[in-house]
Amino acid sequence: MVEFANEAAMERLAMGMMSCSLAKEEWTHAAHFAATLWLMERRPEMRLEVEMPGLIRRFNASLGGENTDTAGYHETITQASLRAARAFLVARSGMALEEVGRELMGSRLGKSDWLMEYWTRERLFSVEARRGWVEPDLKGLEF
C-alpha cells in the first residue's frame with residue numbers, strides 16, 4: 001500500500017493536503033488516515049480537532065470541490081476519524097508510524113463504511129452531522 005510504504009510517503013500526503021498540491025485521485029480513504037497519523041505524530045503542536053476542518057475545506061476548494069450541506073467537508077466524519085486515529089496511534093506507541101498505518105488499514109477502520117457501525121445512514125449523512133458533531137445513534141464510539 002503506497003500510502004504506508006514508509007513515513008516519507010505519509011509525510012508527502014500530509015504536506016500535499018496542507019499545501020493543496022496533492023492530486024485529487026491520491027486523496028483516498030487510506031491517504032486521509034496516512035496524513036492524519038503523520039500529523040498527529042510529527043506535528044503534535046497542531047490541534048487537529050480544531051485545525052483539520054479548515055485544512056480539509058481549503059483542500060477541497062483547491063480541487064474545485066464545494067463544501068456544502070450535501071458535499072465536501074463533513075464535521076462528524078472528520079471528528080470521529082480523528083478520535084479513531086488518535087486512539088489507534090496511542091495504543092501502538094513505539095511502533096513505526098507506517099506499521100501503525102498498515103495495521104489501521106487492516107482493521108475495521110480500513111473500510112470506508114466503518115462509521116455505519118455507530119450511526120444510521122440517515123443520521124450520519126444529515127445536514128446537521130455535516131455541519132457539526134452529532135452523537136452516534138446506534139452505539140457509543142469505542143476505540
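Predicted model: local features only at pLDDT ≥ 70, side-chain atom pairs only at ≥ 80, totals over all residues.

**Stop 1: the aromatic residues**

Select tyrosine 118 and tryptophan 119. Both of these residues are buried. Their rings make an edge-to-face pair, with 6.4 Å from centre to centre and 70° between the planes.

Together with Tyr118 and Trp119, they are linked by ring pairs into a cluster. Across the model, the count of aromatic pairs comes to six.

Zoom in on tryptophan 114 and phenylalanine 143. This pair is edge-to-face too, at 6.0 Å centre to centre and 65° between the planes. What does the pair tie together? Tryptophan 114 sits in the loop between helix H5 (97-106) and helix H6 (121-124), while phenylalanine 143 belongs to the segment after helix H7 (127-131), so the contact joins parts that are 29 residues apart in sequence.

**Stop 2: charges over rings**

Stay with tryptophan 133 and bring up arginine 83. The charged end of arginine 83 sits over the tryptophan 133 ring, 4.0 Å from the ring centre. For another case, select arginine 92 and phenylalanine 88: here the charged end of arginine 92 is over the phenylalanine 88 ring, 3.5 Å from its centre.

**Stop 3: H1 against H2**

Next, show residues 7-18 and 29-42 as cartoon; these are helices H1 and H2. Parallel or perpendicular, how do H1 and H2 run? The packing angle is about 95°, and the axes are 8 Å apart. An angle from 65 to 115 degrees counts as roughly perpendicular, so that is the label for H1 and H2.

On the H1 side the contacts include Glu7, Met10, Leu13 and Met17, and on the H2 side Ala31, Leu37, Trp38 and Arg42 are among them. Coloured by class, the contact of H1 with H2 shows 12 nonpolar residues, three charged and no polar ones.

**Stop 4: the loop between them**

Finish at cysteine 20, in the loop between H1 and H2. Check its backbone: phi is near 60°, a positive value in a residue other than glycine. Cysteine 20 has 24% relative accessibility, so it counts as partly exposed.

Note on methods
Residues numbered from 1 in each chain as written. Heavy atoms only, no water. Axes fitted to C-alpha atoms, helices over the stretch in contact; angles between N-to-C directions. Helix = DSSP H or I, 4+ residues; strand = E, 2+ residues; numbered from the N terminus. Parallel < 35°, antiparallel > 145°, perpendicular 65-115°, else oblique. Contact = heavy atoms within 4.5 Å. Nonpolar A, V, L, I, M, F, W, Y, C, P; charged D, E, K, R; others polar. Phe/Tyr/Trp six-rings, centres within 6.5 Å; stacked < 30°, edge-to-face > 60°. Buried < 20%, exposed > 50% of the residue type's maximum accessible area, 1.4 Å probe, protein only. Lys NZ or Arg CZ within 6 Å of the ring centre and 35° of its normal.
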